Amino acid sequence: MLRVSVWRGGAEGTLVAYDVPARASQTVLDVVTYIQRRLDPTLAYRFACRVGMCGSCAMTVNGIARWTCRTHVDRVAKSGALEVKPLANLPVIKDLAVDMTEFFDKWARARGRFVPSADIPDDFIRVPPATPARRAADAGIECIGCGVCYASCDIVAWNKDYLGPAALNRAWTLVNDVRDAGNAERLGAVAGDAGCHACHSHQNCALRCPKEIDPTGAIAGLKRATARAALRGKL
Ligand code: SF4
Ligand code: SF4
Ligand code: FES
């Protein structure tokens, strides 16, 4: 049997303990789902795909932000005790569900959407896989927007305006997309006090990202690109 403490409430709340049968290959999301379906249907939490694609199931598990659908209980609860709380650095709606609005608003502030060029060619634009820009774009493109990096970042905790690792990683991915025409505006958007230069490079984001993305490296790229743009008088 697993002893599971689960956050109940909003910003103010308390941990409530539940006993959940231990099973082979059980994930943290399986445990939370068991509690909601068998022990307390009022428990609020969020998930969709259960296979590590949608990014909606992230929670704080024994003090560390993780995607819960791919986190096996055996790996994180060696003593048999599990504590599940909502993601840090985001407002709690209820129990384990957080409000992701500010997280995705920051993607928009970082100009994290593709901007097509004015002269759209008839054929597909082919970008050779081995070019440095394509490699840099590929390195960040698999982000699933789970918020694990954002919840793990101390600068986000101190400075609510900071765009954060995921939005900046997205901006860097587009800076390296040779088809995109929005870089002048994008570099301006990420160069301010709340942008890439606020990052202290302590790599919690890269350490925690379940998709093994390196937002710290992406942010370092943005620091170089914004510095170059400033030197050329283009910021
Ligand atoms: S490297 Fe930068 S973005 Fe990543 S966790 Fe540290 S301060 Fe936050
Ligand atoms: S960079 Fe990684 S941790 Fe951050 S939102 Fe994307 S997938 Fe999640
Ligand atoms: S439920 Fe989709 S990533 Fe976990």
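How many nonpolar, polar and charged residues does the shell around ligand 1 have? By class, this shell has seven nonpolar, six polar and no charged residues. The views below show a predicted model.

**View 1. The residue shell of ligand 1.** Ligand 1 is surrounded by 13 residues. The closest of them are Cys153, Cys199, His202, Gln203 and Cys205. Two helices, helix 9 (204-208) and helix 10 (215-231), each contribute at least two residues to the shell around ligand 1. Charged residues are absent from this shell, which divides into seven nonpolar and six polar residues.

**View 2. The second largest cavity, where ligand 1 sits.** The space in the second largest cavity comes to about 80 Å³. Its lining is made up of Cys153, Ile155, Tyr162, Pro165, Cys199, His200, Ser201, His202, Gln203, Asn204, Cys205 and Ile219. By class, seven residues of this lining are nonpolar and five are polar, with no charged residue.

**View 3. The residue shell of ligand 2.** Which residues are found around ligand 2? They are Cys143, Ile144, Gly145, Cys146, Gly147, Val148, Cys149, Ala166, Cys209, Pro210 and Lys211. Eight residues of the shell around ligand 2 are nonpolar, two are polar and one is charged.

**View 4. The largest cavity, where ligand 2 sits.** The count of cavities of 30 Å³ or more is two. The largest cavity has a volume of about 110 Å³. Its lining consists of 15 residues, and those closest to the centre of the cavity are Cys143, Cys146, Cys149, Cys209 and Ile213. Helix 5 (148-151) and helix 7 (165-175) each give at least two residues to the lining of the largest cavity. By class, this lining has eleven nonpolar residues, three polar residues and one charged residue.

**View 5. The largest pocket and its lining.** The volume of the largest pocket is about 230 Å³. Strand 4 (64-67) and helix 9 are the elements that supply two or more residues to its lining. Which element gives the most to this lining? Strand 4 does, with four residues. The residues that line the largest pocket are Ile64, Ala65, Arg66, Trp67, Arg70, Thr71, Arg75, Leu207, Arg208, Cys209, Pro210 and Glu212. Sorted by class, they comprise six nonpolar, one polar and five charged residues. Cys209 and Pro210, listed here in the pocket lining, also belong to the residues around ligand 2.

**View 6. The pairing of strand 1 with strand 2.** Strand 1 (residues 2-9) and strand 2 run antiparallel and are joined by eight bridges. What is the bridge partner of Val4 in strand 2? Tyr18 is the bridge partner of Val4.

Technical notes
Residues numbered from 1 in each chain as written. Chains lettered and ligands numbered in written order. Predicted model: local features only at pLDDT ≥ 70, side-chain atom pairs only at ≥ 80, totals over all residues. Heavy atoms only, no water. Near = heavy atom within 4 Å. 1 Å grid on protein atoms, 1.4 Å probe; cavity = no way out; pocket = protein on both sides within 12 Å on 5 of 7 lines; lining within 4 Å. Sits in = over half its atoms within 2 Å of the grid points. Nonpolar A, V, L, I, M, F, W, Y, C, P; charged D, E, K, R; others polar. Points joined across faces, edges and corners; volume = space filled by probe spheres on them. Pairing = 2+ DSSP bridges.
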